Amino acid sequence: MAAAGGSPSIVEYFGGEDGYRCGYCKNETGNLSHGMWAHSMTVQDYQDLIDRGWRRSGKYVYKPIMNQTCCPQYTIRCQALHFQTSKSHKKVLKKMLKFLSKGDVPKVVSEEEPMDSHIEDVGACDFAYKGESHVSQSELTPLGVDHAERVENEDQDTGEKKEEGNEHKVESDSLRLHADKGTPVPGEPSRSAKGVHAPPKPGKGADLSKPPCRKAKDIRKERKLQKLLQNQTCTVEGSQLQAADQVFLLQNSKSKTNQPKTIEDFVFVSLPDDAQHKLEFTRFLCDSPLEAENAPNGPECGYGSFHQQYWLDGKIIAVGVIDILPYCVSSVYLYYDPDYSFLSLGVYSALREIAFTRQLHEKAPDLCFYYMGFYIHSCPKMRYKGQYRPSDLLCPETYIWTPIEQCLPLLEHSKYCRFNQDGKAVDEGRIKELGRVRVLHKRTVMPYSVYKKRRKGPSDEASVQQYASLVGQTCSERMLLFRS
């Protein structure tokens, strides 16, 4: 999706030399990342950035230094169109339905299920706002297009050869209004290691030489079916027809029973007229660096950042922040009332957002993924995101998506991994021509090759090279890198 006719992305790059306190392992200086301030950003640029391992927290966009940071954070996405609800997910959905229908409140919150789906320590992103920009808006407003084109053509007139180059979203994770003391992750997910599907150890797991286990009800149905067929051969013609009808109904019943329920079967089910509670949803555009955008083949609500409000009996109990991008719905935050933590609102909101992604896909065919922020295998409490299947992790070197099942054995041996097993594969989006990086200098848009000649003072080529290598050639040629 091009930014034609709209405002381009404007960013300030801050580098990433200093270490900050890690919200996962509590290392005081081990959290290392590159960062930049997004004064404005198109949805396509942000889509391309998160597909290179970046993530936003407000207007601050950061990328962990994966081979150096204490707790490597791998971008994770769920294939929403093929999403399979797990037993723990169904428990949360059924719990919500029982509460709405009958007013049932669970006496004890199960320790086996994740308390919240995208939650992270607010302290983990303290560093994000230390580099806040203080550039005035007037400096960020480019001069007329004609002037910019003249400057961009300046390099061509010289005949110079082009140069060659080689939540914090408090994570996508939900932000609680109430934080439990003494826990690295507020509203911690499962205390059990069952969230990660590690390969079975020798001598354990299913015996593939034997037929798979069958449910007792399926065996009973099969026996009943066989009995009906036997009876059919020794009865009069009229009774045979009746028996055949029963067989047909039983077979149909069996096929429907064995068909797993979709997430929509739980989320969009109609409540009885005498339901005890009413849960409603509203959605509004919210303030963010992402420029709201509409496209003919896009979702009806458009692209951009949105607040999803959860209203229970007229009272707001949660607010989710999501970014709707060309290829995905990206979860940003979830704020919720801790009085309703028994409803596992973090998990419930994630499941609602997956269902919402599937809805958007009907109008916008390219939009088919649900991004959950970062997967952190070195922090057991942050492994719960791997329970949303099928899902993929982003290779930190080649930026190729890899099924999480292939990544987990590697992460058991090393917290930093290259998932792409093709040793010859490289980052196809890497920077190739540094001179083509777009720069905004003194309100004038120009390629870096021109800016470098005009610049006075020490060279900033190393910083620009680092920026371009991290955002990639495509984004570096679309976004404007602010230089004072």
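What follows goes from the sheet to the helices and then to a few cysteines.

Keep in mind that this is a predicted model. Start with the open sheet, which has eight strands in the order β6-β7-β8-β9-β10-β5-β11-β12, with mixed pairing. Look at its edges, where you'll find β6 (279-285) and β12 (401-403). Each of these two has a single partner strand, so one side of each is left without a neighbour in the sheet. Going from one strand to the next, the twist averages 35°.

For a closer look at one pairing, pick β7 (residues 304-312) and β8 (residues 315-324). These two run antiparallel and are joined by nine bridges.

Now bring in helix α7. It packs on the sheet and touches β5 (74-79), β6, β7, β8, β9 (328-336) and β10 (369-375). The direction of α7 makes about 150° with that of β9.

Within α7, which spans residues 345-363, you'll come across T357. Is T357 buried or exposed? T357 is buried, as its relative accessible area is 0%. Setting aside neighbours within four places in sequence, T357 is in contact with A80, V329, L367, C368, F369 and Y370.

Helix α7 also meets another helix, α2. Two packed helices are described by the angle between their axes and the distance between the axes. Here the axes of α2 (residues 87-102) and α7 come within 10 Å and cross at roughly 100°. That falls in the range of 65 to 115 degrees, so α2 and α7 count as roughly perpendicular to each other. On the α2 side, the contact is made by H89, V92, L93 and M96, and on the α7 side by L345, V347, Y348 and L351. Sorted by class, that contact has seven nonpolar residues, one polar and no charged ones.

Last stop, the cysteines. C22 counts as buried, at 2% relative accessibility.

Notes: Residues are numbered from 1 along each chain as its sequence is written. This is a predicted model: local features need pLDDT of at least 70, side-chain atom pairs count only at pLDDT 80 or more; totals for chains, interfaces and linings use all residues. Side-chain values use heavy atoms; hydrogens and water are left out. Helices (H or I, at least four residues) and strands (E, at least two) are DSSP runs, numbered from the N terminus. Buried means under 20% relative accessible area, exposed over 50%, partly exposed in between (1.4 Å probe, protein chains only). Contact means heavy atoms within 4.5 Å. Two strands pair if DSSP finds at least two bridges between them. Axes are lines fitted to C-alpha atoms, for helices over the stretch in contact, and angles run from 0 to 180 degrees between N-to-C directions. Angles under 35 degrees count as roughly parallel, over 145 as roughly antiparallel, 65 to 115 as roughly perpendicular and the rest as oblique. Ala, Val, Leu, Ile, Met, Phe, Trp, Tyr, Cys and Pro count as nonpolar, Asp, Glu, Lys and Arg as charged, and the others, Gly among them, as polar.
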